[in-house]
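Trainee: I have a new model open and would like to go through it. Where do we start?

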Amino acid sequence: MSRSSCHLFLFLLLFSLFPFPLLARPFVLVLSQDDLKDVQNDDASPLDSDSSWDDDDFGGTHVKPDDELDPGSWRRLFEPPTTLLSPSHDTSLDSYYAAVHKIISASNNGDSRLMEEAAAEIETAANTDGDPHARSVLGFLYGMGMMRERNKAKAFLNHYFAAEGGNAQSKMALAYTYSRQDMHEKAVKLYAELAEIAVNSFLISKDSPVIEPIRIHNGAEENKEALKKSRGEDDEDFQILEYQAQKGNAGAMYKMGLFYYFGLRGLRRDHTKALMWFLKAVDKGEPRSLELLGEIYARGAGVERNYTKALEWLSLASEHGLYSAYNGMGYLHVKGYGVEKNYTKAKEYFDKAADNEDAGGHYNLGVMYLKGIGVKRDVKIACKCFIVAANAGQPKAFYQLAKMFHTGVGLKKNLPMATALYKLVAERGPWSSLSRWALESYLKGDMGKAFLLYSRMAELGYEIAQSNAAWILDKYGERSMCMGELGVCTDAERHQRAHSLWWQASEQGNEHAALLIGDAYYYGRGTVRDYERAAEAYIHAKSQSNAQAMFNLGYMHEHGQGLPFDLHLAKRYYDQALELDPAAKLPVTLALASLWVRKNYADSFL
């Protein structure tokens, strides 16, 4: 493939790993000719020496349980295992979870005494026993100022040692801290490691549906429509679907299997129920279940792993026109799972998937060309394949593009871009379960628990969690059960914490957050009144085409508050606000009338 043809694919890419939520900017990646790098497709390649390319780039079926991928996770407290586990002989781990349980309970009930007791136990485990998971929680307490004086330095140190001890959530927190400070060399290493964990949990044939964290608010109001679709088995639409499935509707059976397999619509993941519904759907002639049954047997999800059965189900799926199943078949031949290893046959399957416009097929071909597996190594062709897959939203392709920017293979080295792409992928790791638990708590009315979980997730760099936690503070006030340095948060502590969370969200493109930050500085809410910083925040929101921010900037120019007194600029901002939002007609009309009076009767009584 020629350099110019690759350029056609690279000139302008608009892709997003997540269907980005309302009020946050979509991730836009613009690549030009300058980003391309001439690569010699010979044996002397960075691929041979760079350890970041040594992992299984096809993804894997030998996936560890989430508890092993995310050690110290609070999963066992929110998703107790369905089968009885053998008694734990790790007393320190048992003590850790007992203390975390107290923190969760104290946050939900506003119990300052219990919170202080739990914080002391965590501190002892962290400082005396050196438990990395306790250090991670202690870093969280210092970072938020919960029963401890808010101290970013102590928060950082605890997360650093927790990350050294293997705590993945502390690695996320550190990576986010480094990226905020533009320390990309440090951030990119951590995000690369975390993104690899996320990628190896993805499916081998079709792409997993994106389980996006739910934004519980829409601007200043509760996001009732999104919340309605997240009530799990209590949702009326789900109950209707379940009734249809029980009555023998094959399509409903397939959807039930999907919901339980991936944990969609607020449901807890249940592989046993998913398997049951997929098998019933197949018996009723629903072909889409065939591919998922192949995945289940390849992964051993709810059943004993059986690659032979996996290949049988995937082959049946491909015969029914489910072209993404060819990816799973190709994968099994690449790895030699259940069949003799055969790269030629694997490429044939990947070609079939790609020829039918399946993103996974393009991705897998890219890996073969990148690493020279069964074909002559050609980084330019690999680059093209990854671009096509990324444009179709294939998350593993984002990971490969991040690695290219990281290592300078195929694309010019660009650590900020690599960091951003790795972060997008890493946020799909097992620690994202925090969002599901927080939402469940919110829907049950357990505001303290929801706020605690969103706050923990916010520390890891999730913009939606930052805005959700801030919105709970603003909306529910004392009912948020926010814990401060000495007990339940004072009004000042709540305002300060909300301000900090909104500010972090605004840095990541949340225009509503930027607007609220501007209001906080303009009115002195939770911070010192500062018109200049208010103007900066409004300008940031204006850059995202926010009509309210434009109106506010017009007002500040009209009155010379934080911005130069300029009636012409004021009028321009008022006009732009009206162009963006017709609902602003009344306030803009009044503002323009005020400008007319100021201009024509500047020295009069009017």
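Mentor: Start with a term: a residue is buried when its relative accessible area is under 20%, exposed when that is over 50%, and partly exposed in between. Keep in mind that this is a predicted model.

Trainee: OK. What percentage of the chain is buried, then?

Mentor: Of the 606 residues in the chain, 53% are buried.

Trainee: And how many helices and strands are there?

Mentor: The chain has 31 helices and two strands.

Trainee: What about the surface, how much of that is carbon and sulfur?

Mentor: Carbon and sulfur atoms hold 51% of an accessible surface of about 26,900 Å².

Trainee: Which residues have the most contacts inside the largest nonpolar core?

Mentor: W74, I122, Y191, Y422, Y442 and I472 do, in a core of 139 residues. Helix α10, residues 184-199, supplies the largest share of this core, with ten residues. Apart from that core lies another one of 42 residues, including A310, L314, L332 and Y349.

Trainee: Pick I122. What does it touch?

Mentor: Setting aside residues up to four places away in sequence, I122 touches Y96, A99, V100, I103, A134, V137 and L138.

Trainee: Now a histidine. Where is H406, and is it buried or exposed?

Mentor: H406 sits in helix α21, residues 395-407. Its relative accessible area is 17%, so H406 counts as buried.

Trainee: What is around H406?

Mentor: Not counting residues up to four places away in sequence, H406 touches V188, A192, K413, L415, A418 and Y422. Y422 is also one of the residues with the most contacts inside the largest core.

Trainee: A418 is on that list. Where is A418, and which residues does it contact?

Mentor: A418 belongs to helix α22, residues 415-426. Beyond its neighbours within four places in sequence, A418 is in contact with V188, A402, F405 and H406.

Trainee: Change of topic. How many aromatic pairs are there?

Mentor: The structure holds 21 aromatic pairs. One of them is F156 with Y178: the ring centres are 5.9 Å apart and the planes stand at 75°, so this pair is edge-to-face.

Trainee: Which helices does that pair tie together?

Mentor: F156 lies in helix α8 and Y178 in helix α9, residues 168-180, so the pair ties together parts 22 residues apart in sequence. F156 has a relative accessible area of 30% and is therefore partly exposed, whereas Y178 is buried at 7%.

Trainee: And F238 with Y260, what geometry is that?

Mentor: Edge-to-face, because the ring centres of F238 and Y260 are 6.2 Å apart and the planes are at 80°. That pair links helix α12, residues 236-246, which holds F238, with helix α13, residues 250-262, which holds Y260. Both F238 and Y260 are buried.

Trainee: Go back to F156. Which aromatic cluster is F156 part of?

Mentor: F156, Y160, F161 and Y178 form one aromatic cluster. F156, Y160 and F161 also belong, with L157, to a nonpolar patch on the surface with about 350 Å² of accessible area together.

Trainee: Where is Y160, and why does it count as partly exposed?

Mentor: Y160 is in helix α8, residues 152-164. It counts as partly exposed because its relative accessibility is 32%.

Trainee: Last one: which non-glycine residues have a positive phi?

Mentor: Among them are E357, with a phi of about 60°, and M481, with about 55°. E357 is in the loop between α18 and α19, and M481 is in the loop between α25 and α26. E357 is exposed, because its relative accessible area is 73%, whereas M481 is partly exposed at 26%.

Definitions and conventions
Residues numbered from 1 in each chain as written. Predicted model: local features only at pLDDT ≥ 70, side-chain atom pairs only at ≥ 80, totals over all residues. Heavy atoms only, no water. Core = buried A, V, L, I, M, F, W, Y, C linked by side-chain atoms within 4.5 Å. Buried < 20%, exposed > 50% of the residue type's maximum accessible area, 1.4 Å probe, protein only. Helix = DSSP H or I, 4+ residues; strand = E, 2+ residues; numbered from the N terminus. Contact = heavy atoms within 4.5 Å. Areas by Shrake-Rupley, 256 points an atom, 1.4 Å probe, with all protein chains shown as cover. Patch = residues over 30% accessible without salt bridge, like charges linked within 9 Å, V, L, I, M, F, W, Y side chains within 5 Å. Salt bridge = Lys/Arg side-chain N within 4 Å of Asp/Glu carboxyl O. Phe/Tyr/Trp six-rings, centres within 6.5 Å; stacked < 30°, edge-to-face > 60°.
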